[in-house]
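Please look at the structure below, and let the following paragraphs lead you from one chain to the contact between chains.

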Amino acid sequence: MHIPDGYLSPSTCAVLYAGAMPFWLVALKKVQRLLKTRFVPLISLVSAFCFVVMMFNVPLPGGTTGHAVGMGIAAIVLGPWASILAISVALLIQAVFFGDGGITCYGANCFNMAIVGSLVAWAVYRLVSGRTPLQSPRRVVAAALAGYLAINASALCAAVEFGIQPGLFHDPGGAPLYAPYPLSVAIPAMLIGHLSFAGLAELVISAGLVAWLQSANVSLLKLTAPGVEVEDELLQAPGWSALRWFWVGLAALMIATPLGLLAAGSAWGEWDADDFKKPETRQEIAAASHNMAPPENPPAGLERLGSIWSAPFPDYAPAFLKNKNFGYVLSAMFGTGLIIFICLLAGWISRLGESQSARQTR
Amino acid sequence: MKRRPKNFIERTVGSLADALEYAALAETHAGNGGLLQSLDPRVKLIGLLGLILTAVSVGRVVVSVFILAVAVALALFSRIPLRLLATRVWIGVLLFTGIIAFPAIFMTPGEPLARVPVLHWTASWQGAHAAFRLVTRAETAATLAILLVLTTPWTHVLKAMRVFRVPVVMVVILGMTHRYIFLLLHTAGDFFEARRCRLVGELDARARRKMIAASAGVLFGRSLQLSEDVFAAMQSRGFRGEVYTMDDFLMKPRDWGALAAFVALALAAFRAGTQ
């Protein structure tokens, strides 16, 4: 992935330096404005960290090991702009001091790994993790995908840079002057290695680090998850494990709703005006009221007010369903679903209000 | 006795130790009295970068070989052992670039050079030429690049970068990063060494991955903590966001002469190599 000197033509190198320049300038301005005086030590230390992580031998499936670039980690924890700077600094020290990656190809290496890698990693992580809580397993999956896709996007850029060389730069005899393989060879050759070993190394280190931070130092994941409060995690979204027994109980109650069909008659006091007119329901009312006979006519207030509102599912039996028992169960499910939906909506509105007021106070 | 293959902990410890050893080596050679060591760092930076640019620009292999010969001569006059260049640069570049360049001998169409008997592959002159050119150019550029670091203390290389209008803040970040790389290399080396000492038997794949992720996590936490400590130390010494460097280089007549020689050599090689 670190392109050495001699593989790319000087004009390609110049174009990629020019392509990287605006990103460096924007990153420098954004990060300096954000961190102010903390900028120098933070970027230095994170660059040093990226450099050292690149030396870790990451165990891969099959017993082999690979090296990660760390673009996933830096982008996930610091955001894309600080990551661009930190990885660019690490790459410069690698190129100049350790001779890993060329000096003329430094712009190309930064464009591929620091810029494309960081931006892809950050975009994928944000897209997949969404607004999930910081301890959500989805964030681990998002980090894995971010690392894997970022290094493959970088490899694809490098492959394209290699692949255009023989067509653009060759001697009069047709022999290539720089990287000798066309796009049809360079792209599969680069991607096979990165879709397998290098990609897996980046995947393992990105996902592993996020999983570790979730259990050991979750606040470090907050920088790239604006609006997700660490302290309110359990209150806001307890997840399956915390509310497991609540959901199990609710499901059991819904399954048990047909038991209501076994109960005879209507509940005491839940009569409507028609019940006072029918002889069989009058008997039920009297039996439920210690054999006291109900009045001859329905109470005037009940008759007047009872007609104001008619329910969509009267007596838990929707009109469109012929089977009364099935309608009863369907009504139970519909009602429970409606209550859950209203609760979730209320919670969402409440969180929205809180995050807006927090933003204002900031 | 059959040697046990190194596990991932031993390999990581090896990589970290190798980086530390290289840095110590560079520091030692930068202090030796030799031709390049005696020159102004700015002259070395401009001169060696000019030669690297020429080496990657020229199409004629003879010119690339000539620049490589100049680099070897500069190394000898600067008391850099050729054995060090061979082990640190030439073998590594030959293996890496050679593997990449070798198939081009057979894949590049052109005048037939030889035929592989069993596989029926045909090597072409153009392919061999392209492969040799790529390897020579990569070797030359890498040799010139390592000469800069082996003959100049890192702090001087950074200060010399100001010639190219690199912002002062970037120069300071590069200096600080370089310094803390070695601290973090030691810290990470200690993690793995401590774990290796306590490890009986082999870890399974899941445990290995968990360990590497935890090591990266702890190192990251320490890096951030360290950045806070460094910031506090900088503030206590009066740091308010402005960065200054001491620019005490002084060009002597021999530096001007060396600069003129580098420029003349690069221009002549460029002219000869692109004709």
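Chain B is divided into domain 1 (1-30 + 166-244) and domain 2 (33-152 + 246-275), with bounds that come from an automatic or database domain assignment. The C-alpha centres of these two domains of chain B lie 31 Å apart. This is a predicted model, in which local features need pLDDT of at least 70 and side-chain atom pairs count only at pLDDT 80 or more, while totals for chains, interfaces and linings use all residues. Residues are numbered from 1 along each chain as its sequence is written, and chains are lettered from A and ligands numbered from 1 in the order in which they are written.

Where the chains meet, the contact takes 67 residues from chain B and 55 residues from chain A, two residues being in contact if their C-beta atoms, placed from the backbone, lie within 7 Å. On the side of chain B that touches chain A, the largest share, 19 residues, comes from α8(B). By class, that side of chain B has 46 nonpolar, 15 polar and 6 charged residues (Ala, Val, Leu, Ile, Met, Phe, Trp, Tyr, Cys and Pro count as nonpolar, Asp, Glu, Lys and Arg as charged, and the others, Gly among them, as polar).

One pair of helices, which are DSSP runs of H or I with at least four residues, numbered from the N terminus, deserves a separate look. The axes of α2 (residues 39-53) of chain A and α7 (residues 168-198) of chain B come within 7 Å and cross at roughly 45°, where axes are lines fitted to C-alpha atoms over the stretch in contact and angles run from 0 to 180 degrees between N-to-C directions. α2(A) and α7(B) are therefore oblique to each other (angles under 35 degrees count as roughly parallel, over 145 as roughly antiparallel, 65 to 115 as roughly perpendicular and the rest as oblique). The residues of this contact of α2(A) with α7(B) include A:F49 and A:V52 from α2(A), and B:Y180 and B:L184 from α7(B); they divide into 17 nonpolar, 3 polar and no charged.

How values were computed. Helices (H or I, at least four residues) and strands (E, at least two) are DSSP runs, numbered from the N terminus.
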